[in-house]
Amino acid sequence: ASTYTNDVRDAFNLEVEKINKTGGIMGRKIEVLTRDSKFKVDIGLSAAKELVYRENVDILMGTINSALAMAISDMCKKEKVPFFATFSKSAKITGAKGHRYVFSITENTALAGKAAAVGLAKKPYQKYWIAGDDYEYGHAIADGVWDNLQKLKPGVQLLGQSWWKVGEPDFTPYITAILSAKPDAVIVATGGRDCVPFLKAAKATGFNERVPFFMHTATELSTLKPLGLEAPEGVIGTSNYFFYYPETAANQNFVKKFETAYQRKPAVGAVYGLLAAKFIFGAYQRADSFDTEKFIDHVEGMWVDSPVGKVTLRAFDHQAMLPMFMGVTKKAPGYDFLIATDIVTIPGEEVMPTIAEIKKARGQ
């Protein structure tokens, strides 16, 4: 999972270095403490408790495991410590289980699901199969895609589902069963540590050549770079960011700065890290105070410029309103890994759940 989260940390630290060089915030230098959750809820929650109770941190941020994010969010609600989820995708984080002290800087399963459904609804597929990781994120992303697809394209059929444990060592039996059902397309709901292994299995079995499939983050650099030119072509995927798209000065300058510092291209996590820094440090400066409640009052509804344009942290549910880019994996000249082609931009405003939907999810 660190293939995704290292870029969050590194882009965040670039902003920390920049601010500390100018004297910090209100005369205080920023100190960053990091812990490795090892993608496990118990280890991650213990680390979060240590940071809050022993290290007395002002802000918690991070996590990619959605179940862990939910556990930390519950703790932060009790302790009144702001928690910025930077890669965990469950819509419940700012939806059904949202509260004053939790924020989401990444897109969530509701946004990704709706964006995917918008794209898939335009394709000729009618008969689907769902397959994925049997944990919070897997089911959430699958539900997000399927629920929206049914609304946008009445008549689509779900032939069946396959669910495997996180860290499944052999996807071949699942792939064989899916192919025997002969769906028109497959929604693959993998997350974190299983994205790269599944794409490797798809290539080895020829899965991608026999049936079209969608997998959120399949077009993302963090997923494709470890596979090099052995990644499967023709996979439909979505992401909030590509270092080569959009072709704007803001994005190109960000890529140059990140690459100079770390000798690699930034992946989507780098944008999450940058946004987290801009929202957190910007809100403290606007509040002109380290008081937690004043900080929250100022970060709610705040917007910042970024490599993907203006991004707003919606005041009601604390969800960052990010654009989504849908593309298809393909080999391209000059790259030793696959990139996304035929990119379609879906604005964040179009895929955000309404405030009425959030209230309903919270029972309000």
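**Helix packing and its surroundings**

Modeller: Helix 1 (residues 2-21) packs against helix 11 with the axes 6 Å apart and an angle of about 40° between them. The model is predicted: local features need pLDDT of at least 70, side-chain atom pairs count only at pLDDT 80 or more, and totals for chains, interfaces and linings use all residues. Residues are numbered from 1 along each chain as its sequence is written, and side-chain values use heavy atoms, leaving out hydrogens and water. Helices (H or I, at least four residues) and strands (E, at least two) are DSSP runs numbered from the N terminus. Axes are lines fitted to C-alpha atoms, for helices over the stretch in contact, with angles from 0 to 180 degrees between N-to-C directions.

Helix 1 and helix 11 are therefore oblique to each other (under 35 degrees is roughly parallel, over 145 roughly antiparallel, 65 to 115 roughly perpendicular, the rest oblique). On the helix 1 side the contact (heavy atoms within 4.5 Å) is made by Tyr4, Asp7, Val8, Ala11, Phe12, Glu15, Val16 and Ile19. Helix 11 supplies Gly269, Ala270, Tyr272, Gly273, Leu274, Ala276, Ala277, Ile280 and Phe281. By class, the residues of this contact are 13 nonpolar, two polar and two charged (Ala, Val, Leu, Ile, Met, Phe, Trp, Tyr, Cys and Pro are nonpolar, Asp, Glu, Lys and Arg charged, the others, Gly among them, polar).

Asp7 also touches Ala267, a residue of the loop between helix 10 and helix 11. Ala267 has a relative accessible area of 3% and is therefore buried (under 20%; exposed is over 50% and partly exposed in between, with a 1.4 Å probe and protein chains only). Beyond its neighbours within four places in sequence, Ala267 is in contact with Glu220, Leu221, Ser222 and Tyr241 as well as Asp7. Tyr241 is 26 residues from Ala267 along the chain, and their C-alpha atoms are separated by 7.1 Å.

Leu221 turns up again in the surroundings of Phe337, which is in contact with Leu221, Leu224, Lys225, Gly228, Leu229 and Phe243, leaving aside neighbours within four places in sequence. Phe337 belongs to the loop between strand 11 (324-330) and strand 12 (339-346). With a relative accessible area of 7%, Phe337 is buried.

As for Phe198, its contacts are Trp164, Phe171, Ile175, Val188, Thr190, Phe207, Phe213 and Met215, not counting residues up to four places away in sequence.

Another helix pair can be set beside the one above. The axes of helix 2 (residues 41-54) and helix 3 (residues 66-79) come within 9 Å and cross at roughly 25°. Helix 2 and helix 3 are therefore roughly parallel to each other, and their crossing is right-handed. From helix 2, Val41, Gly44, Leu45, Ala48, Lys49, Val52 and Tyr53 meet Ala67, Leu68, Ala71, Ile72, Met75 and Glu79 of helix 3. This contact divides into ten nonpolar residues, one polar and two charged.

Helix 3 also holds Ser66, which is buried at 0% relative accessibility. Ser66 touches Ser88, Lys89, Ser90, Tyr135, Glu136 and Tyr137, with residues up to four places away in sequence not counted. Lys89 and Phe337 are 248 residues apart in sequence, and 25 Å apart from C-alpha to C-alpha.

Some backbone details lie in the loops. Thr63, in the loop between strand 1 (60-62) and helix 3, has a positive phi near 80° and is buried, with a relative accessible area of 17%. Met26, in the loop between helix 1 and helix 2, has a positive phi near 50° and counts as partly exposed at 35% relative accessibility. The peptide bond from Tyr245 to Pro246 is cis, with omega near 5°; Pro246 lies in the loop between strand 8 (236-239) and helix 10 (249-262).

Terms used: Left-handed = near helix turned anticlockwise from the far one by under 90°.
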